[in-house]
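Subject: Structure handover

Hello,

Here is the structure for you to look through. Please open it first, then read my notes below.

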There are 2 protein chains.
Amino acid sequence: MHMVFKSPIRVAIVLFLWLYCFPLKSQKLSTNQYETLSREYALASIPELRAFLSIPNNALIEEHVENNLRFLELAFEKRRFSTQRLPSTSRTAFFAERIVQKSLPTVLVYMHFDGQPVDARQWNQADPYQPVLKRPLADGSYETVDWQTITNTLPDEYRVFARSASDDKSPIIMFLAALDALQSAGLEPSFNLRVILDPEEEQGSKSMPEVIDQFGDLLSADHMVIFDGPVHDSNSPTLVFGCRGIAGIELTVYGPRTPQHSGHFGNYAPNPALRLAQLLSSMKDEGGKVTIPGFYDGIDLTPEIKEILAAVPDDVAQIKKRVGIAETDKVGANYQEAMQYPSLNIRGFRSGWVGAEARTIVPEKAVATLDIRLVPESDGTRLVKLVKEHILAQGYYLIEDRDPSEEERLTHDKIIRFDHDPSEMWKAFNTPIHSKTGEWLYHSLKNVHQQEVARIRLAGGSVPIAFFVNKLDIPAVLVPLVNPDNNQHSPNENIRMGHYRNGIKTILGVMTSSIE
Amino acid sequence: MHMVFKSPIRVAIVLFLWLYCFPLKSQKLSTNQYETLSREYALASIPELRAFLSIPNNALIEEHVENNLRFLELAFEKRRFSTQRLPSTSRTAFFAERIVQKSLPTVLVYMHFDGQPVDARQWNQADPYQPVLKRPLADGSYETVDWQTITNTLPDEYRVFARSASDDKSPIIMFLAALDALQSAGLEPSFNLRVILDPEEEQGSKSMPEVIDQFGDLLSADHMVIFDGPVHDSNSPTLVFGCRGIAGIELTVYGPRTPQHSGHFGNYAPNPALRLAQLLSSMKDEGGKVTIPGFYDGIDLTPEIKEILAAVPDDVAQIKKRVGIAETDKVGANYQEAMQYPSLNIRGFRSGWVGAEARTIVPEKAVATLDIRLVPESDGTRLVKLVKEHILAQGYYLIEDRDPSEEERLTHDKIIRFDHDPSEMWKAFNTPIHSKTGEWLYHSLKNVHQQEVARIRLAGGSVPIAFFVNKLDIPAVLVPLVNPDNNQHSPNENIRMGHYRNGIKTILGVMTSSIE
């Protein structure tokens, strides 16, 4: 730009106008630039990805955590972050901070650097901690490719196989690559960055409650972004605004003190398996809807929310085919709606023996384990209480966390044991789609990809992050980046290079988008 | 008796009158004689009981069978029986016959000489095949007693511990002892005797169908008496007029092809454990009554039958206490009535995992194994068909003896696998209480014991004998003799000497009672 104004006042006015009008635009990149930069830095970051994946990261082994911490310190300091270890009585978390400008909002980024333990024998490579580059063949299998073949170009269909290739080391490298790309364009992130890397997410984030208690101030922020998990099955850019929580219940219905001969006692000693079946079936209807009064109280899917849910491009036929079912439960009008309601699921039940082991008995007890997936509108304690009240209404004598006494057995006809551990209950979390955080991320993803974004109001699963989000009380949104078929938690975990490149592009879009 | 008539005609008339009036009486013994003889021959037969119990009798071991056969040949030949081995492709049965007088009716006696396999480590004696004499102590335990202590008297509370002490070797020795007692009184049995001793009853009487096919003529008789099993809990003299049969069904309800994450699929993928619970609970009501239409068809408990059933001195409070239940099912007005109806019992069910192994899944399938106890009025094939029709009426797509295909999974919402093996179905058998056989045994037991007889119309359990009885088509009644607390099939099996003595008395009563 050529300067035509000379006086200091004029200069000041021009500077003011320039800063006023273009602070965002100055930060933004063209669609073309996003594409070029993400391609360039995807390729450029491969050596760092490879190096990071080569460091074993089983959180159960302290040395693994330590080695990853060292790598992270170097990597983040290189990108002008100040770093800090956040120790706990369990493992040590990693913290990094980069202040762009004090007046800008602060975004807390959460990722994790540990991975699921490995069983090397089940992998199609010598060592899950020695990343291998592969390309798909026509028959659906993969063939190992020399790393040299990607010196100049990174084919989308190639994949890197290693533990944590997707969950959750590659997002960390994508994040660093996006910062490098940004720097090469002479830009700064549009907000201050705080980064917390969980050392043992796969072990239930055991260290995080203590870390939050001890270092809560460090972690305070205006918004929180979680880079973890796979994008929507449709491969659309994806935002996840919350996750369901979980509560567990185990029910034990008692029959005769010991198994009784089904000839001598069939028709006489009440069968606990039948009673449990009757109890369980009293809780839900044929369509899988919970019939316990009040179970769905407080959930109000407005037409606006329903519209957003219906916009998620779920392919029902594909889901059915993948899962192997002809029909779905009838809890919601579609998959996304179904996830907005708490579930009451039989995880398993057991009584006596079946198959070749079957014995001609009236069993002595029947056990069922249930999980309730919680949504933000329904408090877990309340739902557990509703289930308990329902059981009592069926005429059961209910005891908690113990077996019945001899006297109770001879006094009460229908006896049930109710086990529920409140300490193992995780709350749901949910950030409104139309919140500042939600709108910022939605528009940045839509802009960078020039494509509609799949907005998942509530993911069905329950994640340790929920505790983190609820405790810190920062509006948080998950921005998943990796391919859905990444074999997360399983042998042959991988990251598809097309998704790796797109992930860098997504983060670039987020970094360059101011929060209004 | 002093003779006062001299002429041949007078002598003939007197002889005729004497024979006319006293043919039964001549055979009968006084109450006192029954008591004295049974005491004497209980004591006298102990060495033979000891010797017989010392011969191992696991039917899985051919040598065991052979050794017992040799013992039996000698023992029965000594009592003027002609004996015969009845071989089969499985084991060899034992047959013995004693013709008293051609014109008399013939009674076929069934017992078995094999025992359940043993695990010697679980017994309170060195060798389950080395009988040990014990007496009870005040604390309920038993103390070994030298056999010499019973040279002159046999205390009722003493017990002999050994495999088959009760099931079913002691009835064989009681039978022989009764014959010896009869002989000592100068009497003959009131009927011709045929005896069949099963070599492998504890293995499901595998050889008997073949034996019946091959040697059916040998086994023909007018009445059949089975000496096996314990007397009624009340220790009353007991007759059992039949046993329930059995049919098995296994049900498998299918869910997703493999277990699915309960977060992502709770409320969406139908849960097979819930569906199976709903299906099972649709079959029976709260009181345990089957609600499938037609299940109880054909059963008509007349006031007369109900009276006999009600007369059995079952101690409900005692049963409840022993089993550990507060209430019973509501199928019949009492225990005996409950046994007159077919049962539909859940032997076991299984889906997913419970307890510490529980996983957060929607399980892929749920399995339940059922048994139906059959009564004479209800054909097993018909009942199995009713269950199948009921399942179809619940909207299930039913497949038999196989898993669903991929196409079936994607086409049918509710899929169930129905397994039923008709070859493993045993029929019930039942001899009318007021039949000739029934009346003969009832009056002989009542007479010898001077006590009311517990008449069990149908025992709940299913026994291999049923096949035998149905095939031979001879009215059959079980005359159980041993103590109910004999630990049958378990370690520390025993026979109580009071029951042993009373058993000999019962058989003496039967032997001396003509069949009118």
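Start with one residue. A:Leu53 is buried, because 26 other C-beta atoms lie within 10 Å. The cut-offs are these: a residue is buried with 20 or more other C-beta atoms within 10 Å of its own, exposed with 12 or fewer, and partly exposed in between, with C-beta atoms placed from the backbone. A:Leu53 sits in helix H3 (residues 31-53) of chain A. Helices (H or I, at least four residues) and strands (E, at least two) are DSSP runs, numbered from the N terminus.

What does A:Leu53 touch, leaving out residues up to four places away in sequence? The list is A:Pro131, A:Ala162, A:Ser164, A:Ala165 and A:Lys169. Contact here means that the C-beta atoms of two residues, placed from the backbone, lie within 7 Å. A:Lys78 is 25 residues from A:Leu53 along the chain, and their C-alpha atoms are separated by 19 Å.

A word on the source. This is a predicted model, where local features need pLDDT of at least 70, side-chain atom pairs count only at pLDDT 80 or more, and totals for chains, interfaces and linings use all residues. Residues are numbered from 1 along each chain as its sequence is written, while chains are lettered from A and ligands numbered from 1 in the order in which they are written.

Now chain A as a whole. Chain A has 16 helices and 21 strands. Its C-alpha atoms fill a box of roughly 105 × 55 × 45 Å, taken along the principal axes. Of the 516 residues in chain A, 50% are buried. Take the contacts in chain A between residues at least 6 apart in sequence: 78% of them join residues at least 24 apart.

Chain A is divided into domain 1 (24-243 + 428-511) and domain 2 (245-299 + 341-424). These bounds come from an automatic or database domain assignment. The C-alpha centres of the two domains of chain A lie 41 Å apart. Eight residues from domain 1 and six residues from domain 2 make the contact.

The UniProt record, an unreviewed entry, has the annotation "domain: Peptidase M20 dimerisation" over residues 243-391 of chain A. Such annotations may be inferred rather than shown by experiment; positions use the numbering here, and feature names are shortened. Over residues 243-391, chain A is 32% helix and 23% strand.

Next, the two chains together. How many residues of chain B are in contact with chain A? There are 70, and they meet 70 residues of chain A. On the chain B side, S13(B) gives the most, with nine residues.

Look at the sheet there. Ten strands form an open sheet with mixed pairing, in the order S16(A)-S17(A)-S11(A)-S15(A)-S13(A)-S13(B)-S15(B)-S11(B)-S17(B)-S16(B). Two strands pair if DSSP finds at least two bridges between them. The edge strands are S16 (397-400) of chain A and S16 (397-400) of chain B, each pairing on one side only.

Strand S13 (residues 343-352) of chain A and strand S13 (residues 343-352) of chain B run antiparallel, joined by five bridges. A:Arg350 stands opposite B:Arg350. A:Phe349 stands opposite B:Ser351.

Finally, find helix H12 (residues 380-393) of chain A. Helix H12 lies across S11, S15, S16 and S17 of chain A, at about 20 degrees to S11(A). Axes are lines fitted to C-alpha atoms, for helices over the stretch in contact, and angles run from 0 to 180 degrees between N-to-C directions.

Best wishes
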